[in-house]
Amino acid sequence: MEQSIESIWKTGFIDKGALIAPKVNNLYERKSTHLIDNFNRMFKINLNAIFIMSLVVLIGSYFVKIPVMGVGYFLLLNVILLVNRKLVKDLKKVDKNENSYGYLKSFNTWLTHQIDVNIKLARVYYPLFYLFMVLGFWFSTVDASIIENVLGETHIIYYAYGIPVYWVVGNGVIMILIRLFAKRLYKLDANLVYGRMFKKLKEIVSDIEELRA
């Protein structure tokens, strides 16, 4: 019994070596490759931007007299950089010789892992970014009177062993809140940069799965 048009179409689409529907296979292969190449290029641009930013913050913090913040930010940004460079190297393991669906699924698995790793990191580095900012101003050599004005004239009665208790507790609470919302903050950051490509990836995978159904 002859195959139906639908089954022939599916066979030609799924089997890269088939002579049926080669234009559709080629179209999605090109779309897949183009999309992943764009992701890869954006990842590299962002990693370079992180490195440059870490140097700018480190040098700039010296001139504005908040070196503690600069050193802290430099260390955190470079930890993020090293982790993500390792993740980008793993991206090269995605087999480009697979059919377009397999290629995208492999890439999507890598992308999910990359996001999960960065969310875990974000729960640590977002609160630390805030902490280094606070410490940067606390140990700033600009003018000690600034901190005195922030704490107020009656701050002395709230000191314990030379530490402003309310100030420490207040910042501790803020750091906890930042940690709790770290996942949302990271996804917001990621969507600002990669949002359009995330949407395109989802659309292409959805189109292929619909044709395979």
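1. Phe181 sits in the loop between H6 and H7. Helices here are DSSP runs of H or I with at least four residues, strands are runs of E with at least two, and both are numbered from the N terminus. Phe181 is partly exposed, because its relative accessible area is 42%. The scale is simple: buried means under 20% relative accessible area, exposed means over 50%, and partly exposed lies in between (1.4 Å probe, protein chains only).

2. A word on the source. This is a predicted model, in which local features need pLDDT of at least 70, side-chain atom pairs count only at pLDDT 80 or more, and totals for chains, interfaces and linings use all residues. Residues are numbered from 1 along each chain as its sequence is written, and side-chain values use heavy atoms, with hydrogens and water left out.

3. Now the overall layout. The protein chain has seven helices and two strands. Read from the N terminus, the order is α-α-α-α-α-β-β-α-α. The chain holds 213 residues, and 33% of them count as buried. Its accessible surface comes to about 14000 Å², with 65% belonging to carbon and sulfur atoms. Such areas come from the Shrake-Rupley method with a 1.4 Å probe; for residues, only the protein chains shown count as cover.

4. Contacts come next. Contact means heavy atoms within 4.5 Å. Take the contacts in the protein chain between residues at least 6 apart in sequence: 72% of these join residues at least 24 apart.

5. Which residues make the nonpolar surface patch? They are Val165, Tyr166, Val169, Val173, Ile176, Leu177, Leu180, Phe181 and Leu185, and the patch covers about 850 Å². Helix H6 (residues 165-180) gives the largest share, seven residues. Patches take residues with over 30% relative accessible area and no salt bridge; like charges are joined within 9 Å, and nonpolar side chains (Val, Leu, Ile, Met, Phe, Trp, Tyr) within 5 Å.

6. Helix H6 also holds Asn171. Asn171 counts as buried because its relative accessibility is 12%. Leaving out residues up to four places away in sequence, Asn171 touches Tyr130 and Val134.

7. There is a positive surface patch too. Lys120, Arg123, Arg179, Lys183 and Lys187 form it. Two elements, helix H4 (100-138) and helix H7 (182-212), each give two or more residues to this patch. Lys and Arg count as positive, Asp and Glu as negative, while His and the chain ends are not counted. Each charge is placed at NZ of Lys, CZ of Arg, CG of Asp or CD of Glu. Lys120 lies in helix H4. Lys120 counts as exposed because its relative accessibility is 60%.

8. How many salt bridges does a search of the whole structure find? The search finds one. A salt bridge needs a side-chain nitrogen of Lys or Arg within 4 Å of a carboxyl oxygen of Asp or Glu. Here the side chains of Lys86 and Asp90 meet, at 3.4 Å from N to O. The two residues are four apart in helix H3, so about one helical turn separates them. Lys86 counts as partly exposed, at 49% relative accessibility.

9. Check the backbone at Lys65. Lys65 has a positive phi of about 65°, although it is not a glycine. Most residues other than glycine have a negative phi. Lys65 lies in the loop between helix H2 (22-63) and helix H3 (67-91). At 44% relative accessibility, Lys65 counts as partly exposed.

10. Ser54 lies in helix H2, and Phe74 lies in helix H3. Is Ser54 buried or exposed? Ser54 counts as buried, because its relative accessibility is 0%. Beyond residues up to four places away in sequence, Ser54 touches Phe74, Leu77 and Asn78. Phe74 counts as partly exposed, at 23%. With the same exclusion of residues up to four places away, Phe74 touches Ser54, Leu55 and Leu58.

11. Last, Leu111 in helix H4. Leu111 is buried, because its relative accessible area is 5%. Neighbours within four places in sequence aside, Leu111 is in contact with Phe39, Phe43, Phe198 and Leu201. Leu111 and Phe198 are 87 residues apart along the chain, yet their C-alpha atoms are separated by 9.7 Å.
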